[in-house]
Amino acid sequence: MSVRTSEIRILLADDDEDDCLLFGEVLEEMEPSPKLTCVPNGKELMELLLKQRNGQTFPDILFLDMNMPLMNGLECLQEIKSNSSLKDIPVIMFSTSAQHEAVCATFESGASLY
């Protein structure tokens, strides 16, 4: 079994500030604590990821809220999975909704988990 020597990088896209704070608090309890970056909407998420494509390190995992302003989680997921530089980033979708159609759409678009 190999031991990971670098810090795990998590990117969270969620427009609810309280959810971001809670997510960060949970991660702080982990040893070692992953590095968390939060963005408040899908547009800022895509801008950040496209900037990182030019030499910076991508997140190890991405958590996407389905319901965000400017660009929703499903739109972001579809753009990420259609981009050859971004498509291998594991994406976990989350929402307060569990509508069967929405869940199916995320998996069809390439989500790792919902």
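**Entry on the core.** I began with a term: a nonpolar core is a set of buried Ala, Val, Leu, Ile, Met, Phe, Trp, Tyr and Cys residues joined through side-chain atoms within 4.5 Å. For burial I used relative accessible area: buried means under 20%, exposed means over 50%, and partly exposed lies in between (1.4 Å probe, protein chains only). The largest nonpolar core here has 22 residues, and those with the most contacts inside it are Leu45, Met46, Leu49, Leu62, Leu64 and Ile80. At least two residues of this core come from each of β1 (9-13), α2 (42-52), β3 (61-65), α3 (73-81), β4 (91-94) and α4 (100-108). Helix α3 gives the largest share, 4 residues. I noted how the elements are named: helices (H or I, at least four residues) and strands (E, at least two) are DSSP runs, numbered from the N terminus.

**Entry on the source.** I reminded myself that this is a predicted model, in which local features need pLDDT of at least 70 and side-chain atom pairs count only at pLDDT 80 or more, while totals for chains, interfaces and linings use all residues. Residues are numbered from 1 along each chain as its sequence is written, and side-chain values use heavy atoms, with hydrogens and water left out.

**Entry on salt bridges.** How many salt bridges does a search of the whole structure find? I got 2, taking a salt bridge as a side-chain nitrogen of Lys or Arg within 4 Å of a carboxyl oxygen of Asp or Glu. In one, Asp60 pairs with Arg9, and their closest N and O atoms are 3.2 Å apart. This pair links distant parts of the chain, with Asp60 in the loop between α2 and β3 and Arg9 in strand β1, 51 residues apart. Asp60 is partly exposed at 24% relative accessible area, and Arg9 is partly exposed at 24%. I also found Glu47 bridged to Lys43 (3.5 Å, N to O). These two are 4 residues apart in helix α2, so about one helical turn separates them. Glu47 is partly exposed at 42%, as is Lys43 at 45%.

**Entry on helix α1.** Is Leu22 buried or exposed? I read a relative accessible area of 51%, so Leu22 counts as exposed. Leu22 is found in helix α1, and its C-alpha atom is separated by 27 Å from that of Ser109, 87 residues apart along the chain. Asp19 also lies in helix α1 (residues 17-28), and Asp19 is partly exposed at 36%.
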